[in-house]
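Biologist: Could you take me through the charged pairs in this structure, and then through one of the helices?
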Amino acid sequence: MVSFSDIPFEFPSFIYDLLEYMKYTGGPQPGGMLGNFLVSNGYNSATCMVLDFHDTNKICDILCKNGILMPFDLGRPTGGVDHYYYSGSFEMERSEESFRQLNALVFGFPYIYREYRNSVMPIIIRKVDRYGCEKSWHVGTGFYYRNGIVTAAHCLKDHEIWIGDLDRGDIDSTVYTHANNNFDIAYVCLKRELGYPQFRPSEAEILEKVMTLGYPLMVGFDKILTAEGAEISSVPQSRYTASTGAVAAVAESMYAKNNMYLITAKIAGGNSGGPVLAQDGTVVAVAIQKGMERTENEDDIPYKDFGYGMAVPISFVDEMIESRNEPPDWSYRFASGKRPDNAENMTA
């Protein structure tokens, strides 16, 4: 039997097919029976139960809470509901993107993390001095968006760079940055599509739940998955983090004098350039980690002790890509060959 969390990966179109089956067609009795849907679509039979009925009912309950599915005949003496109808209020084409959107809505951040993990990549940086001698190693994060890689600008400037497991031949030498140099964002053009899911853009509201994905600094590239927030603390699987928080404010940035997001998940070193995701799997911003400029006030709190994360709204990334603004005074080189699996004295 397939577990609840594995349903969207074993049956990506399950929710879409469920809504199609429950669609109201104007007959005397709207919708359909959940049990009939499971049997007619081959999920369950008298001799084989592929999906737990309680799990499928849970999916229906979530869809009902979101106003997409409607329960029918609530007054049955047996209690419970297994008859639903779909009014068509969430109309979309049958496509992988539609399946992801529905699955993110129902299965939340755990699904988003698993589905998009290949779309979020470590940026490995080797910094050299003017004589070409190795100086230090750094790490950042990038993500696949609009057929390119979005990251923090400081992850690229004056460095030798590896992006995930991409070959040098996959990467175009063209890099775009925002016309406002105070925005710490950059876009790397690619020569081909990667075949990974690409994030859709959206805007965030105050107190909306969000999740950041990235590769924070860990000594020696230890393969451990950590999470910050109230739900998951650590899962030893891969050097990749997820932290949940809420959008705390839309603030006038002290750097760019433009609207930036403050989120209650801190942006640790290495998470710079990673996506900030909403509960529906859309990307709302790019995480940045930048030290607060010192002022004459001795009571100023450094950014790393601030307790909040700062993020650039994704709309500025779209603006950057469409303007095709190339950095005038940068030097950067995308490295050839396999990225290093280990580097001593790694810093963020």
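Predicted model: local features only at pLDDT ≥ 70, side-chain atom pairs only at ≥ 80, totals over all residues.

Biologist: Which residue does arginine 200 meet in a salt bridge?
Modeller: Its partner is glutamate 97, at 2.6 Å from N to O. This pair links distant parts of the chain: arginine 200 sits in the loop between β9 (186-190) and β10 (209-214), and glutamate 97 in helix α5, 103 residues apart.

Biologist: And what is the N to O distance between glutamate 97 and arginine 100?
Modeller: That salt bridge between the two side chains is at 3.7 Å. Both residues belong to helix α5 (residues 96-116) and are 3 residues apart, about one turn of the helix.

Biologist: Is arginine 100 buried or exposed?
Modeller: Arginine 100 has a relative accessible area of 14%, so it counts as buried. Glutamate 97 counts as partly exposed because its relative accessibility is 25%.

Biologist: What about arginine 126, which residue does it pair with?
Modeller: Arginine 126 forms a salt bridge with glutamate 160, and their closest N and O atoms are 2.6 Å apart. Arginine 126 is in strand β4 (residues 120-128) and glutamate 160 is in strand β7 (residues 160-163), so the pair ties together parts that are 34 residues apart in sequence. Both arginine 126 and glutamate 160 are buried.

Biologist: Changing topic to α4: what span should its 13 residues have?
Modeller: Helix α4 (residues 53-65) should span 18 Å at 1.5 Å a residue, and this agrees with its end C-alpha atoms, which are 18 Å apart.

Biologist: Which residues of α4 are buried?
Modeller: Asp55, Thr56, Asn57, Ile59, Cys60, Ile62, Leu63 and Cys64 are buried in α4.

Biologist: And what do those buried residues pack against?
Modeller: The buried residues of α4 pack against the helices α1 (7-10), α2 (14-21), α3 (34-40) and α5, and against the strands β2 (69-71) and β3 (83-86).

Biologist: Which residue caps the N-terminal end of α4?
Modeller: Aspartate 52 is the cap, with a side-chain oxygen 2.6 Å from the backbone nitrogen of histidine 54.

Biologist: Then what follows α4?
Modeller: Glycine 67 follows α4, and its phi is positive, near 75°.

Conventions
Residues numbered from 1 in each chain as written. Heavy atoms only, no water. Salt bridge = Lys/Arg side-chain N within 4 Å of Asp/Glu carboxyl O. Helix = DSSP H or I, 4+ residues; strand = E, 2+ residues; numbered from the N terminus. Buried < 20%, exposed > 50% of the residue type's maximum accessible area, 1.4 Å probe, protein only. Expected span 1.5 Å × (residues − 1). Contact = heavy atoms within 4.5 Å. Polar contact = N/O pair within 3.5 Å; in protein donor to acceptor, adjacent residues only side chain to side chain.
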